[in-house]
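Walk through this model one piece at a time. Begin with a pair of helices, then turn to the sheets and the ligand.

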Amino acid sequence: MKLDRGRLRRLQALEEERFVAERPRSQGLAEQAREHLTGGVPMSWMVKWPGPFPVFVNEAYGAHFTCADSIDHVDLCLGDTGAMSGHSPAATAAAVREQVVRGITSMLPTADAALAGAELARRFGLPQWQFTLTATDANRHVIRYARHLTRRSKIVVIDYCYHGTVDETFAVLSPEGRTVSRPGNIGAPVALDQTTVVVPFNDLAAMERALATGDVAAVLLEPAMTNIGIVLPDPGYHAGLRALTRRFGSLLVIDETHTLCAGPGGSTAAWGLEPDVVVVGKTIGGGIPAAAFGMTSEISAQIQASVELPDIDVGGIGGTLAGNALSMAAVRATLTEVLTDEAFARMEQLAVRWTEGVQAVLEEFGVPWHVTRLGCRAEYAFSAQAPRTGGEAAAADDFELQQYLHLQALNRHVLLTPFHNMALISPATTEADVDQHSAAFREAVSALFS
Ligand code: PMP
């Protein structure tokens with residue numbers, strides 16, 4: 001089954017016409033925004049949405065949002081996990097409403113902080129926690145602590161990983177297998193091989209070679225890759241990785257910012273992993289900026305013993321608004337009342353329904369793509385076989401095809417996660433929402449291949 005590029009471009013042009021015709025208010029707002037926002041958007045990556053201008057949002061509630069043109073959409077992007085809790089869930093909104101009039105930030109702890117730490121400890125099995133505003137910051141801080149404690153300079157990351165705007169992580173493998181800057185990496189402070197060693201996912205031999213140098217402070221990875229499509233670990237990969245990091249004295253840092261989709265304690269709890277440090281972010285505050293990192297008692301004690309009180313605010317770990325009262329109220333409410341153990345079970349069932357809907361269409365039209373799922377997150381990709389590495393996943397990427405499928409879905413009022421073909425299920429998502437995507441996807445595949 002071969003893709004006809006000419007047909008794809010004709011279909012894309014039709015979808016663009018339909019998009020523009022249906023959204024005059026978003027178009028007007030985009031024109032107005034261009035006056036004082038670079039690219040017409042508050043952050044540069046927002047220009048990468050499909051269509052000639054972004055959809056402007058009026059309001060979002062649960063698994064839906066309404067745009068400036070009063071069109072109701074099913075939201076399967078959910079702020080790329082920031083709103084995996086559903087938009088403005090009632091319990092989070094109530095806690096935030098209550099806190100926002102009682103003091104937002106004071107540089108002092110509130111009772112909610114201890115409750116939030118206790119709940120994260122219960123879920124991930126790591127006893128000691130610290131809070132930041134973004135997962136990027138949490139990763140940055142963990143990297144600093146790892147270098148500080150081990151007195152080693154290098155961080156191992158996985159080829160085609162994403163961990164936020166963290167300098168060390170913008171590296172990939174060159175065709176010769178060297179660590180080089182990722183294409184498009186803006187303003188790298190130093191050559192990437194000075195800070196980073198890149199290894200492919202699922203490759204324990206490469207991991208062993210990297211760690212055997214004795215230079216590696218920490219291995220930072222997602223337990224399953226989710227930022228280049230979903231790439232699942234081979235059986236035994238995590239056990240091998242844990243054994244290697246222990247043997248060579250490197251910290252094992254598991255970034256669960258996205259893989260929290262695997263269950264209440266992410267993949268760490270679901271698969272019985274034993275990281276030294278876990279990072280979470282995005283959805284733990286229901287979308288209110290908050291992130292966290294959890295660690296073993298041993299690491300926490302080593303940090304406390306090695307950082308001097310007079311220097312603790314200027315050591316490179318911090319953020320004035322970190323752990324603020326509003327974030328902590330949001331995290332406490334979201335974890336204990338919204339993203340509950342029961343909610344996850346339902347979310348996963350609906351993600352299964354989503355993958356079955358996609359799979360049925362692929363089989364009906366004989367299209368050689370595949371669909372993968374991790375808990376309440378699922379994704380289709382343009383290769384017959386599920387990839388085992390980020391490199392394989394990247395090779396199957398097709399930007400033009402992806403932009404068409406996203407725009408086509410948007411015109412059927414379904415929002416997919418941009419930059420890949422991903423759907424995320426929230427506690428508020430319904431079977432009807434999932435089926436709306438299946439119907440749109442069938443129409444797109446039929447237009448491309450019948
Ligand atoms: N870790 C992972 C695994 C991520 O996917 C992301 C963002 N997509 C981050 C960290 C960074 O999150 P933020 O942009 O909220 O800092």
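Helix α1 (residues 5-22) packs against helix α13 (residues 399-411) at an angle of about 35°, and their axes lie 10 Å apart. Helices here are DSSP runs of H or I with at least four residues, strands are E runs of at least two, and both are numbered from the N terminus. Axes are lines fitted to C-alpha atoms, for helices over the stretch in contact; angles run from 0 to 180 degrees between N-to-C directions. The crossing of α1 past α13 is left-handed, meaning that the near helix is turned anticlockwise from the far one by less than a right angle. On the α1 side the contact includes Leu-8, Leu-11 and Phe-19; on the α13 side it includes Leu-401, Tyr-404 and Leu-407. Contact requires C-beta atoms, placed from the backbone, within 7 Å. By class, this contact has seven nonpolar, three polar and four charged residues. Nonpolar covers Ala, Val, Leu, Ile, Met, Phe, Trp, Tyr, Cys and Pro; charged covers Asp, Glu, Lys and Arg; the others, Gly among them, are polar.

The model is predicted: local features need pLDDT of at least 70, side-chain atom pairs count only at pLDDT 80 or more, and totals for chains, interfaces and linings use all residues. Residue numbers start from 1 along each chain as its sequence is written. Mean pLDDT is 97 for the protein, and 100% of its residues reach 70 or more. pLDDT is the predictor's confidence in each residue, from 0 to 100. The model has ipTM 0.99 and pTM 0.98.

Next, the sheets. Seven strands make an open, mixed sheet in the order β4-β12-β11-β10-β9-β5-β8. β4 (128-132) and β8 (196-199) each have a single partner strand, so one side of each is left without a neighbour in the sheet. Pairing takes at least two DSSP bridges between two strands. Five bridges join β4 to β12 (residues 291-295), and the two run antiparallel. Trp-129 has Gly-294 in β12 as its bridge partner.

Finally, the ligand. Of the 15 residues around the ligand, Thr-134, Ala-135, Thr-136, Gly-164 and Thr-257 come nearest. A residue is near if its C-beta atom, placed from the backbone, lies within 6 Å. Helix α5 (residues 135-150) gives the largest share of this shell, three residues.

Technical notes:
Two residues are in contact if their C-beta atoms, placed from the backbone, lie within 7 Å.
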